[in-house]
Amino acid sequence: MANTILIGAQWGDEGKGKIIDVLTANADVIVRSQGGNNAGHTVIHRSKKYILHLIPSGILRRGKVCVIGNGVVVDPIALVAEIEGLRKVGVKIDKNLLLSDCAHLVLPYHRLLDEQRELRKGRAKIGTTKRGIGPAYGDKAGRTGLRVSDLMQPLLFSKKLQAKIIENNSILQALGARPVNFREVNESYLAAGEKLRPFVANTVLYLHRALERGREILFEGAQGTFLDIDHGTYPYVTSSNTTAGGACTGTGVPPHRMDRVLGVMKAYTTRVGEGPLPTEDRGLAEMLHKLGREFGATTGRPRRCGWFDAVATRYAAMINGIDELAITNLDGLDNVDPILICVAYCLNGKRLAVPPCDATQLANCEPIYQQVRGWNQSTHLARKFSQLPLAARNYVKYVSELTGATLSMVSVGPGRTQTIVL
Ligand code: IMP
Ligand code: MG
């Protein structure tokens, strides 16, 4: 399989969890390189549904090593809860999980600041997951963050934490929010730290040794291209590099060791949270929500839905260097006819083939659509490409062509077997 970077080609929730789970069968090591517990990767395993937030989806398969890389921001309390939750349902977690000592910590004041900033923005809010992700990466870039290595040194941690809490409490108080209690945070974080100690390692070294031994690594992207801090619809983005480059910086594995980039995209478009979504369509959203689909895995919020946006995915293919495509949720369109595909934008009378950098301009873009025929039948049972209705085959071929990458997988349901490999 070779070392693969798997990324979302849209606004997150492309169904990466399921594709990762399928690919994990052939990988040895699965690594997360960015984001935090804002992510929600849904995997159906032995007819049970698992939602993973911080731990790579590979944890559900035996004999695989999962790594939380240096680029991830880790809420230790949330990570311990996730480990314990998985153990309770029989998932083995011991030597198969590693946590980078360089990963930054998410602290309670990050969550409170996230909440306060959103409140203050009012209607201009980002619609964050309120997991403290932005403020935690803010501290990292500001060089005032606390890391897993600090947590492994209790005396040092307490000292640094005290200073950080004094500083952040004055900010929280100025914002009219309640301050955090040093003793409570210190105790609960140190306790979580002790539970995490067995997993903490120099993961850069581990990954390089794995490469030397010819192990295959799968880089599990979280969120999606247009939530990238640099390339997304700023400021309506998350605070990490969700694009392919983030897999290198977030793990310490150099670019020339990456063999392929697999982009995952839905057969339509969704977004959870605020910000422009040019192809948004209420009718489509209503239909999908009625089917019980498209509710956020982390926050439960209904996702906004729209038609397939080839302007966005073509740009994503370029930024990420997508070699291969996995198209998911094809079954979501089973009863839609006709189906619209956005092939260009129109902004102030001008035709655009790439999304503008500015979020306001993007919000003002009118999609230019092409209409194609639907297939009006269930695709749930298809296991081979030839078993898909002709109109469905034409649809996935066409959107891959517009995106400019080779189609390698089509998903027609949440189960492992509901995956067509081309
Ligand atoms: P944050 O990452 O919690 O700061 O949220 C910033 C934006 O990214 C919001 O629009 C969130 O809804 C979105 N977001 C964050 N994580 C995910 C995810 O895993 N899937 C989809 N959207 C996400
Ligand atoms: Mg998700």
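**Entry 1: terms and ground rules**

Helices (H or I, at least four residues) and strands (E, at least two) are DSSP runs, numbered from the N terminus.

I am working with a predicted model, in which local features need pLDDT of at least 70 and side-chain atom pairs count only at pLDDT 80 or more, while totals for chains, interfaces and linings use all residues. Residues are numbered from 1 along each chain as its sequence is written, chains are lettered from A and ligands numbered from 1 in the order written, and side-chain values use heavy atoms, leaving out hydrogens and water.

**Entry 2: helix α1**

I looked up α1 and found that nine of its nine residues are buried, so the helix is largely enclosed by the rest of the structure. Among them are Lys16, Asp21 and Thr24, along with Ile19, Ile20 and Leu23.

**Entry 3: the magnesium ion**

Which residues coordinate the magnesium ion (ligand 2)? I found Asp13 (OD) and Gly40 (O), at 2.1 to 2.5 Å. Donors here are N, O and S atoms within 2.8 Å of the metal (3.2 Å for Na, K and Ca), and since water is not among the atoms, sites may look incomplete. Asp13 sits in the loop between β1 (4-8) and α1 (16-24) and Gly40 in the loop between β2 (29-32) and β3 (41-45), so the pair ties together parts that are 27 residues apart in sequence. Gly40 is buried, at 15% relative accessible area.

Most residues other than glycine have a negative phi.

**Entry 4: ligand 1**

I then looked for polar contacts, which with a ligand are pairs of N or O atoms within 3.5 Å. The side chain of Thr129 has an N or O atom 2.6 Å from an oxygen atom of ligand 1, and a polar side-chain atom of Asn38 is 2.8 Å from an oxygen atom of the ligand. Gln223 places a polar side-chain atom 3.2 Å from a nitrogen atom of ligand 1. Alone, ligand 1 exposes 470 Å², and the protein buries 97% of that; such areas come from the Shrake-Rupley method with a 1.4 Å probe.

**Entry 5: cysteines**

How many disulfides are there? I counted zero, taking a disulfide as a pair of cysteine sulfur atoms within 2.5 Å. For Cys342, the closest cysteine sulfur is in Cys365, 8.8 Å away, which is too far for a bond. For Cys365, the closest is in Cys346, at 8.2 Å, again too far for a bond. Cys342 is buried at 0% relative accessibility, and Cys365 is buried at 4%.

**Entry 6: backbone**

One joins Tyr234 and Pro235, with omega about 5 degrees, and Pro235 is in the loop between β10 (217-220) and α9 (245-249). The bond from Asp337 to Pro338 is cis too, with omega near 0 degrees.

Terms used
A polar contact is a pair of N or O atoms within 3.5 Å; within protein, one must be able to donate a hydrogen and the other to accept it, and residues adjacent in sequence count only if both atoms are side-chain atoms. Buried means under 20% relative accessible area, exposed over 50%, partly exposed in between (1.4 Å probe, protein chains only).
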